[in-house]
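I opened my notebook for a walk through this one, and you are welcome to read along. I jotted down what I looked up, stop by stop.

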Amino acid sequence: MKKTLKIFNCIWYFLLLILLVSILLFENVRNTYESEEGFTVKNYIEDPEKHGNFISERMVKIYNVSQDHFYFDTGNLSLKVIGSNVQKPVLGETVVYLNFRKDGVIELIDYHNYDYNYFLYGISVIALLIFLILFFKEWKLTLRGFEDA
Amino acid sequence: MPDLMSHLVIGLILAELFNIKKKSLVVLGALTPDLLSKTNLITLHFGMPLQISTTPFHTPIVLLLASILIAPLFRYSKIKTIIFFNTGALSHFLSDITMKHFTIIGTRLLYPFSRTNYTLNLIWPEQSVYILVVSLFIYIAIRIYKKNKLRLRFIFQKFFKKFSKS
């Protein structure tokens with residue numbers, strides 16, 4: 001009886017694991033398909049006529065801000081955005097709401113500065129340390145898993 | 001929310017309110033959605049060729065499945081581990097849907113059944129520092145109350161007795 005229960009338990013966890021891996025796999029395959037066929041900045045730069053007329057929001061680091069335009073970095077590409085009266089954030093990033101036009105021009109619809117966001121990232125590191133202290137105060141790692149400390 | 005500290009403090013408040021002994025399980029649940037869903041940043045940072053998206057972990061149903069798999073790792077009641085973990089996770093998702101966006105970026109509450117994003121559009125992510133301050137005050141107040149429960153009850157009783165006499 002005990003053995004049957006153990007086998008049933010193993011099958012149950014195995015099926016759960018399969019389900020979880022399948023969900024992750026499905027999401028990754030979908031993402032790959034979207035990055036090949038759907039809208040990405042890379043696809044847009046290559047063919048604005050095909051991928052243009054797309055409105056999206058993204059978190060970026062802006063630089064070279066001037067009266068009527070600014071630039072943002074996508075990692076390996078630097079993009080020019082048309083938009084006036086943009087101000088640089090203080091110790092943070094900017095969320096930009098953009099219109100990727102069919103003529104290849106990227107137009108700013110709206111933006112919001114995440115001021116002092118880097119400060120929050122710093123706090124997050126402290127939070128992680130507090131969590132680790134709290135966790136290992138309550139649990140100790142043994143060969144049989146986490147046991148009462 | 002961009003900061004883990006708010007999630008941690010909200011998790012601790014819930015653990016205190018429900019008198020949960022293993023607070024770290026609630027906090028683990030409150031932090032895991034952000035920790036797991038951002039593991040792909042490591043592969044991205046080191047320029048690894050295989051980029052795996054772990055964003056499904058930032059959804060309640062997938063995290064529930066993950067918590068069932070994690071539970072046997074703890075030499076503790078499995079049901080309690082799953083409940084405490086998901087209490088923390090739920091607090092994470094509820095605080096995340098208050099975030100403001102220009103578009104419908106938000107939390108996929110019903111994933112994998114639906115890819116719809118939900119958001120209440122209340123505050124910008126960087127303004128979560130106000131949530132942090134408020135929740136920190138609430139947590140400290142609960143701790144003080146719990147530590148001095150008897151003393152406070154005695155003071156209040158004395159005060160009400162005096163008040164009713166006058």
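This is a predicted model: local features need pLDDT of at least 70, side-chain atom pairs count only at pLDDT 80 or more; totals for chains, interfaces and linings use all residues.

Entry 1: I began with B:Ile82, which counts as partly exposed because it has 18 C-beta neighbours inside 10 Å. A residue needs 20 or more such neighbours to be called buried. B:Ile82 has its place in helix α5 of chain B. Leaving out residues up to four places away in sequence, I found that B:Ile82 touches B:Ser67, B:Ile68 and B:Ala71.

Entry 2: Next I looked at how helix α4 of chain B (residues 60–70) packs with helix α5 of chain B (residues 78–96): the angle is about 155°, and the axes are 10 Å apart. α4(B) and α5(B) are therefore roughly antiparallel to each other. I noted their crossing as right-handed. From α4(B), the contact uses B:Pro60, B:Leu63, B:Leu64, B:Ser67 and B:Ile68, while α5(B) brings B:Ile82, B:Phe85, B:Asn86, B:Ala89, B:Leu90 and B:Phe93.

**Entry 3: another helix pair in chain B.** I moved on to α1(B) and α2(B), whose axes come within 8 Å and cross at roughly 150°. So α1(B) and α2(B) are roughly antiparallel to each other. α1(B) passes α2(B) in a right-handed crossing. On the α1(B) side I listed B:Leu4, B:His7, B:Leu8, B:Ile10, B:Gly11, B:Leu12, B:Leu14 and B:Ala15; they meet B:Lys23, B:Val26, B:Val27, B:Gly29, B:Ala30, B:Leu31 and B:Asp34 of α2(B). This contact has ten nonpolar, three polar and two charged residues.

**Entry 4: one residue from that pair.** Is B:Leu14 buried or exposed? B:Leu14 counts as buried, because it has 20 C-beta neighbours inside 10 Å. B:Leu14 has its place in helix α1 of chain B. Setting aside neighbours within four places in sequence, I saw B:Leu14 in contact with B:Val26, B:Thr87, B:Gly88 and B:Ser91. I also checked B:Tyr139: it lies 125 residues from B:Leu14 along the chain, yet their C-alpha atoms are separated by 9.2 Å.

**Entry 5: the nonpolar cores.** Which residues touch the most other members of the largest nonpolar core? In this core of 27 residues, they are B:Met5, B:Leu8, B:Val9, B:Val26, B:Val27, B:Ala30 and B:Leu31. Two or more residues each come from α4 of chain A and from α1 (4–17), α2 (23–37), α4, α5 and α6 (128–147) of chain B. α1(B) gives the largest share of this core, eight residues. I picked out B:Val27 and found that, not counting residues up to four places away in sequence, it touches A:Phe131, A:Leu134, B:Leu8, B:Gly11, B:Leu12 and B:Gly88. A second, separate core has twelve residues, including A:Ile62, A:Val95, A:Ile106 and A:Tyr111.

**Entry 6: a helix pair across the two chains.** I then followed α4(A) and α2(B), whose axes come within 9 Å and cross at roughly 145°. Their crossing is left-handed. A:Phe131, A:Leu134, A:Phe135 and A:Glu138 of α4(A) make this contact with B:Lys23, B:Ser24, B:Val27, B:Leu28 and B:Leu31 of α2(B). I sorted these residues into six nonpolar, one polar and two charged.

**Entry 7: the whole contact between the chains.** How many residues does each chain put in? I noted 37 residues from chain A and 32 residues from chain B. On the side of chain A that touches chain B, α4(A) gives the most, with twelve residues. The residues of that side divide into 22 nonpolar, eight polar and seven charged.

**Entry 8: a last stop in chain A.** I ended at A:Leu20, found in helix α1 (residues 2–37) of chain A. A:Leu20 is partly exposed, because 17 other C-beta atoms lie within 10 Å. Not counting residues up to four places away in sequence, A:Leu20 touches B:Val62, B:Leu65, B:Ala66 and B:Leu69. A:Leu5 is 15 residues from A:Leu20 in sequence and 23 Å away in space, C-alpha to C-alpha.

Methods:
Residues are numbered from 1 along each chain as its sequence is written. Chains are lettered from A and ligands numbered from 1 in the order in which they are written. Helices (H or I, at least four residues) and strands (E, at least two) are DSSP runs, numbered from the N terminus. Two residues are in contact if their C-beta atoms, placed from the backbone, lie within 7 Å. Ala, Val, Leu, Ile, Met, Phe, Trp, Tyr, Cys and Pro count as nonpolar, Asp, Glu, Lys and Arg as charged, and the others, Gly among them, as polar. Axes are lines fitted to C-alpha atoms, for helices over the stretch in contact, and angles run from 0 to 180 degrees between N-to-C directions. Angles under 35 degrees count as roughly parallel, over 145 as roughly antiparallel, 65 to 115 as roughly perpendicular and the rest as oblique. A crossing is left-handed if the near helix is turned anticlockwise from the far one by less than a right angle, and right-handed if clockwise. A nonpolar core is a set of buried Ala, Val, Leu, Ile, Met, Phe, Trp, Tyr and Cys residues joined through C-beta atoms within 7 Å.
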